[in-house]
Amino acid sequence: MFPEIIRDLAAQTLAEYGLAGFMLATAESCTGGLIAGALTDIAGSSKVVDRGFVTYTNIAKTEMLAVPASLLHAHGAVSPEVAVAMAVGALAKSRADVTVAVTGIAGPGGATETKPVGRVYVATAVRGGAAKAKEYTFPGDRDAVRMATVQAALERLRLARPTGSLR
């Protein structure tokens with residue numbers, strides 16, 4: 001179902017988090033659950049994946065992740081501020097140690113002059129630590145943008161994993 005590079009990244013992420021005893025959660029908009037899908041496609045993922053939130057609409061972001069409506073109004077759903085708020089909200093509403101959140105414009109519609117198709121923000125939040133977002137602009141059609149976003153999210157999860165172990 002997923003390309004080999006994504007399967008490999010998902011397996012590596014799960015192995016690293018599992019060895020350290022850390023849990024993770026996802027908060028997804030433009031990927032519609034594909035990140036959680038890639039992770040849970042791997043047997044044994046329930047030891048690491050706590051939950052996933054698919055918050056495709058602004059109302060879902062507000063209701064499920066407590067993203068302030070004022071933040072959505074001020075910056076738009078596709079913004080680093082909202083991505084960080086999604087990651088922090090997922091952390092607050094889960095038992096995860098680290099969360100990843102994605103919001104973007106997969107296309108073909110929805111683009112603006114300042115937010116082109118392929119613009120994506122990937123944010124991570126670490127319990128007791130920092131939350132930060134990174135901007136990407138991926139080329140290609142909707143499928144390519146979504147798969148590139150999944151790959152970037154898995155890479156960001158690996159970088160966000162706290163050092164040390166809970167075990």
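Thr 99 sits in strand β3, which spans residues 98-104. Strands here are DSSP runs of E with at least two residues, helices are runs of H or I with at least four, and both are numbered from the N terminus. The model is predicted, so local features need pLDDT of at least 70 and side-chain atom pairs pLDDT 80 or more, while totals for chains, interfaces and linings use all residues. Residues are numbered from 1 along each chain as its sequence is written, and side-chain values use heavy atoms, without hydrogens and water.

Thr 99 counts as buried because its relative accessibility is 0%. The cut-offs are under 20% relative accessible area for buried, over 50% for exposed and partly exposed in between, with a 1.4 Å probe and protein chains only. A polar atom of the Thr 99 side chain lies 2.7 Å from the backbone oxygen of Ala 87.

Contact means heavy atoms within 4.5 Å. Setting aside neighbours within four places in sequence, Thr 99 touches Ala 25, Ala 87, Ala 90, Leu 91, Ser 94, Ala 123, Thr 124, Ala 125 and Leu 157.

Ala 25 belongs to strand β1. With the same exclusion of neighbours within four places, the contacts of Ala 25 are Arg 51, Ser 94, Ala 96, Val 98, Thr 99 and Val 100. Ala 25 and Thr 124 are 99 residues apart in sequence, yet 10.0 Å apart in space, C-alpha to C-alpha.

| Residue | Strand | Relative accessible area |
|---|---|---|
| Ala 25 | β1 (residues 24-28) | 0% |
| Thr 99 | β3 (residues 98-104) | 0% |

**Whole chain**

The protein has six helices and five strands. Their order from the N terminus is α-β-α-β-α-α-α-β-β-β-α. The radius of gyration is 15 Å, which agrees with the value near 15 Å for a compact globule of 167 residues. That radius is taken over C-alpha atoms, and the globule rule is 2.2 Å times the number of residues to the power 0.38. Along the principal axes, the C-alpha atoms fill a box of roughly 45 × 35 × 20 Å.

Of the 167 residues, 49% count as buried. Among contacts with a separation of 6 or more, 66% come from residues 24 or more positions apart.

An unreviewed UniProt entry places the feature "domain: CinA C-terminal" at residues 11-158. Over residues 11-158, the chain is 42% helix and 22% strand, with end C-alpha atoms 11 Å apart.

**Aromatic pair and backbone**

The count of aromatic pairs comes to one. Tyr 136 and Phe 138 form this stacked pair, at 5.1 Å centre to centre and 15° between the planes. Ring centres must lie within 6.5 Å to pair; planes under 30 degrees apart count as stacked, over 60 as edge-to-face and the rest as tilted. Tyr 136 and Phe 138 are both buried.

Most residues other than glycine have a negative phi, and most peptide bonds are trans. Ala 66 has a positive phi, near 60°. Ala 66 lies in the loop between α3 (58-65) and α4 (69-75). Gly 107 and Pro 108 are joined by a cis peptide bond, with omega about 5°. Pro 108 is in the loop between β3 and β4 (119-126).

Technical notes. Rings of Phe, Tyr and Trp (its six-membered ring) pair if their centres lie within 6.5 Å; planes under 30 degrees apart count as stacked, over 60 as edge-to-face and the rest as tilted. UniProt positions are given in the numbering used here, feature names are shortened, and annotations may be inferred rather than shown by experiment. A polar contact is a pair of N or O atoms within 3.5 Å; within protein, one must be able to donate a hydrogen and the other to accept it, and residues adjacent in sequence count only if both atoms are side-chain atoms.
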